[in-house]
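Please open the structure in a viewer and keep the selection tool at hand. The stops below follow one another as a series of selections.

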Amino acid sequence: MRILLVEDDHLLANTMLSMLRDDNNTVDWLDDGQQALGAIGDEYFDLIILDLTLPRVDGLDILKHARKQNITTPIIILTARAELTEKLQGLDSGADDYLTKPFAMAELKARIRAVTRRASGQAETGIRVGVLTIDPEHCQLQMGDEPLTLPRSEFQILHYLMRHPDQVATRRRLEEQLYGWDHGAESNALEVHIHHLRKRIGKSVIRTVRGVGYLLDSREAGQVGQH
């Protein structure tokens with residue numbers, strides 16, 4: 001999952017980056033409201049964690065602008081503003097959750113799981129397509145009755161494809177899921193990861209859309225092991 005963290009407290013941000021990345025997330029970080037406004041409009045994220053007190057543009061204005069632009073990305077406000085009126089204003093402006101500082105990292109992670117489940121329409125932790133069930137919370141894949149352990153990069157790719165079955169994911173989108181802004185990739189790295197995934201779950205489950213990207217075929221995912 002690709003997360004945008006908007007937080008101007010560098011010490012806190014670095015702690016959060018480390019802990020969120022430990023959960024197989026790709027996390028991009030900005031400490032400036034104006035930059036965040038541009039990034040949210042131009043890039044795709046699965047989740048935004050947004051401080052309110054930011055340089056140049058206030059987080060609440062960023063939230064309102066995003067919702068006016070019909071950007072539906074889940075947004076969790078993370079702020080020291082703890083008054084009830086401020087919480088209500090944030091939620092009424094379109095935030096999916098509101099967490100005040102100081103906070104426990106375990107609570108933030110639980111709220112992230114809850115918000116992303118709601119956004120994907122999943123009542124349970126696992127995401128199922130055909131006989132494939134992926135559990136982002138525990139970073140596990142179940143193929144029928146067979147549990148599979150995936151390397152981080154393969155897990156990230158499959159997680160994204162399973163959240164968007166039968167939809168084409170561009171090469172750029174998948175590389176952003178893997179690397180965000182901070183890391184480059186070898187030119188054929190994505191193809192190598194896709195090749196390994198196909199060997200694990202079946203070649204026909206992940207289709208190549210020539211010149212565009214890849215697609216997880218839900219019909220084929222329902223027939224894994226039957227060919």
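Is Asp-23 buried, partly exposed or exposed? Select Asp-23: it is partly exposed, because its relative accessible area is 31% (buried means under 20% relative accessible area, exposed over 50%, partly exposed in between, with a 1.4 Å probe and protein chains only). This is a predicted model, in which local features need pLDDT of at least 70 and side-chain atom pairs count only at pLDDT 80 or more, while totals for chains, interfaces and linings use all residues. Residues are numbered from 1 along each chain as its sequence is written, and side-chain values use heavy atoms, with hydrogens and water left out.

**Stop 1: salt bridges in selected pairs**

The side chains of Asp-23 and Lys-109 form a salt bridge, 3.2 Å from N to O (a side-chain nitrogen of Lys or Arg within 4 Å of a carboxyl oxygen of Asp or Glu). This pair links distant parts of the chain, 86 residues apart: Asp-23 is in the loop between helix 1 (10-21) and strand 2, and Lys-109 is in helix 5 (residues 105-120). Helices (H or I, at least four residues) and strands (E, at least two) are DSSP runs, numbered from the N terminus. Lys-109 counts as buried because its relative accessibility is 19%.

Remain in helix 5 and select Glu-107 and Arg-111. Their side chains meet in a salt bridge of 2.7 Å, N to O. The two residues lie four residues apart in helix 5, about one turn of the helix. Arg-111 is partly exposed at a relative accessible area of 22%, and Glu-107 is partly exposed at 34%.

Next, select Arg-56 and Asp-32. The closest N and O atoms of their salt bridge are 3.0 Å apart. Here too the pair links distant parts of the chain, with Arg-56 in the loop between strand 3 and helix 3 (59-68), and Asp-32 in the loop between strand 2 and helix 2, 24 residues apart. Arg-56 is exposed, with a relative accessible area of 62%, whereas Asp-32 counts as buried at 10% relative accessibility. A search of the whole structure finds 17 salt bridges.

**Stop 2: Asp-46**

Select Asp-46, in the loop between helix 2 (33-42) and strand 3 (47-50). Asp-46 counts as buried because its relative accessibility is 5%. Which residues does Asp-46 contact, leaving aside its neighbours within four places in sequence? They are Met-1, Arg-2, Thr-73, Pro-74, Tyr-160, Arg-163 and Gln-177, where contact means heavy atoms within 4.5 Å.

Display the side chain of Tyr-44 as well. A polar contact of 3.1 Å joins the side chains of Asp-46 and Tyr-44. Such a contact is a pair of N or O atoms within 3.5 Å; within protein, one must be able to donate a hydrogen and the other to accept it, and residues adjacent in sequence count only if both atoms are side-chain atoms. Arg-163 also meets Asp-46 in a salt bridge, with the closest N and O atoms 3.0 Å apart.

**Stop 3**

The contact takes 17 residues from domain 1 and 17 residues from domain 2.

Domain 1 and domain 2 bury about 1,400 Å² between them, 43% of it on carbon and sulfur atoms. Buried area is the accessible area (1.4 Å probe) that two parts lose on being put together, summed over both. Between the domains there are two salt bridges and 10 residue pairs in polar contact, both residues at pLDDT 80 or more. On the side of domain 1 that touches domain 2, strand 1 (2-6) and strand 2 (26-30) are the elements that give two or more residues. Strand 2 gives the most to that side, with five residues.

**Stop 4: helix 7**

Finally, select helix 7 (residues 171-179), where Leu-174, Glu-176, Gln-177, Leu-178 and Tyr-179 are buried. The buried residues of helix 7 pack against strand 1, strand 2, helix 6 (152-163), strand 10 (169-170), helix 8 (189-201) and strand 12 (213-216). Glu-176 also belongs to a network of salt bridges that links Arg-2, Asp-28, Glu-43, Arg-172 and Glu-176.
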